Amino acid sequence: MTILAPAVRALCIFAGMDLYQNIAESVDSIRAVTSSQPSIGVILGTGLGGLVSKVDVQTSIGYDNIPYFPISTVESHHGRLVFGTLHGVNIVVMHGRSHVYEGYSLQQITFPVRVMQALGVRTLIISNACGGMNPLYRRGDIMLIDDHINLLGDNPLIGPNDDRLGPRFPDMSEPYSQRLLALAEQAALARRTKVHRGVYVAVTGPNLETRAEYRFLRTIGADVVGMSTVPENIVARHMGMEVLGLSVVTDECFPDSLEAVKLEHVLAAAAQAEPIMTDLITDVISKCA
Ligand code: HPA
């Protein structure tokens, strides 16, 4: 492969060219390595990679070995697609994800979701780190995403629609599955873990928000703010997948007492909440199939 090839391919995706064909090419390259039939896909967010250690791994493929997969440039994100079983359920895990602030288009960021769907995945579980704006939320808390607001100023479905992938105007009355939310809440109750249910607003980053922006985002109805998840959700819903979203509050974003955020603090809060996130996701996976 020449050095130019990935750049040319990236440009093609950016232009929305031949998405269906590109998905098939990615699937072929994965199928050359594994015949695994995952029904559940998991996208692990910042500092939330621990689930992988619980998976009975069959195959793990670096994103750089899968055509058209964006490669995360953020140190805290790995870049491997992991196939295996968890409690006997076939799953595929994205260990590492890309963000808008890295310069990728939303079509590129969401491409792996389309590939997972083509591999047989019908349920998508997404985790992320976020800033908590609801005054009842504390650093380290977990919020189940009930709904979202897209403030990315962009949408992964813009461009020609391929009806083989999904409808032109996908419904968004239930972006996050009420069935999966109920399973996650039951799991939390059984483990005596407090979880919130709320609204996630997506912004591009990479800078964190100003006090005025936090005030605004809270006013428009969001409980937490983050830089991911919404594009993946939109594409998953476009293809009819059921989605569960879990957010860890890694910093408190209260405008009147705002403190500077450091990446180490974000990672430390994610690390602290990570074991319980892993337990909740595992519980849902063992029950939802
Ligand atoms: N804002 C946006 N994204 C984030 C934050 C935040 O405060 N914390 C973690 N991800």
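1. Start with the charged trio: D146, E185 and R197 are joined in a salt-bridge network. Keep in mind that this is a predicted model.

2. R97 sits in the loop between strand 4 (89-95) and helix 3 (106-118), while E232 belongs to helix 6 (residues 230-238), so the contact ties together parts that are 135 residues apart in sequence. Is this pair buried or exposed? Both R97 and E232 are buried.

3. Next, R218 with D223: here the closest N and O atoms of the salt bridge are 3.2 Å apart. R218 counts as partly exposed because its relative accessibility is 31%, and buried means under 20%, so D223 at 10% counts as buried. Across the whole structure, the search turns up 10 salt bridges.

4. Now the rings. The count comes to 3 aromatic pairs. One of them is Y63 with F69, a tilted pair with 5.4 Å between centres and 55 degrees between planes. Both Y63 and F69 are buried. Another is F69 with F111: the ring centres are 6.2 Å apart and the planes stand at 90 degrees, so this pair is edge-to-face. Since F69 lies in the loop between strand 2 (56-62) and strand 3 (80-86) and F111 in helix 3, the pair ties together parts that are 42 residues apart in sequence.

5. Staying with those side chains, F69 has a relative accessible area of 6% and is buried; F111, at 0%, also counts as buried. Y63, Y68, F69 and F111 make up one aromatic cluster.

6. A charge-over-ring contact is worth checking on screen: the charged end of R164 sits over the ring of Y20, 3.7 Å from the ring's centre.

7. Last, the surface. Which residues make the nonpolar surface patch of about 250 Å²? L151, F216 and I220 do. F216 is part of helix 5 (residues 211-219), and its relative accessible area of 45% makes it partly exposed.

Notes. Residues are numbered from 1 along each chain as its sequence is written. This is a predicted model: local features need pLDDT of at least 70, side-chain atom pairs count only at pLDDT 80 or more; totals for chains, interfaces and linings use all residues. Side-chain values use heavy atoms; hydrogens and water are left out. Patches are made of residues with over 30% relative accessible area and no salt bridge: like charges are joined within 9 Å, nonpolar side chains (Val, Leu, Ile, Met, Phe, Trp, Tyr) within 5 Å. Accessible areas come from the Shrake-Rupley method with a 1.4 Å probe; for residues, only the protein chains shown count as cover. A salt bridge is a side-chain nitrogen of Lys or Arg within 4 Å of a carboxyl oxygen of Asp or Glu. Helices (H or I, at least four residues) and strands (E, at least two) are DSSP runs, numbered from the N terminus. Buried means under 20% relative accessible area, exposed over 50%, partly exposed in between (1.4 Å probe, protein chains only). Rings of Phe, Tyr and Trp (its six-membered ring) pair if their centres lie within 6.5 Å; planes under 30 degrees apart count as stacked, over 60 as edge-to-face and the rest as tilted. A charge sits over a ring if NZ of Lys or CZ of Arg is within 6 Å of the ring centre and within 35 degrees of the ring normal.
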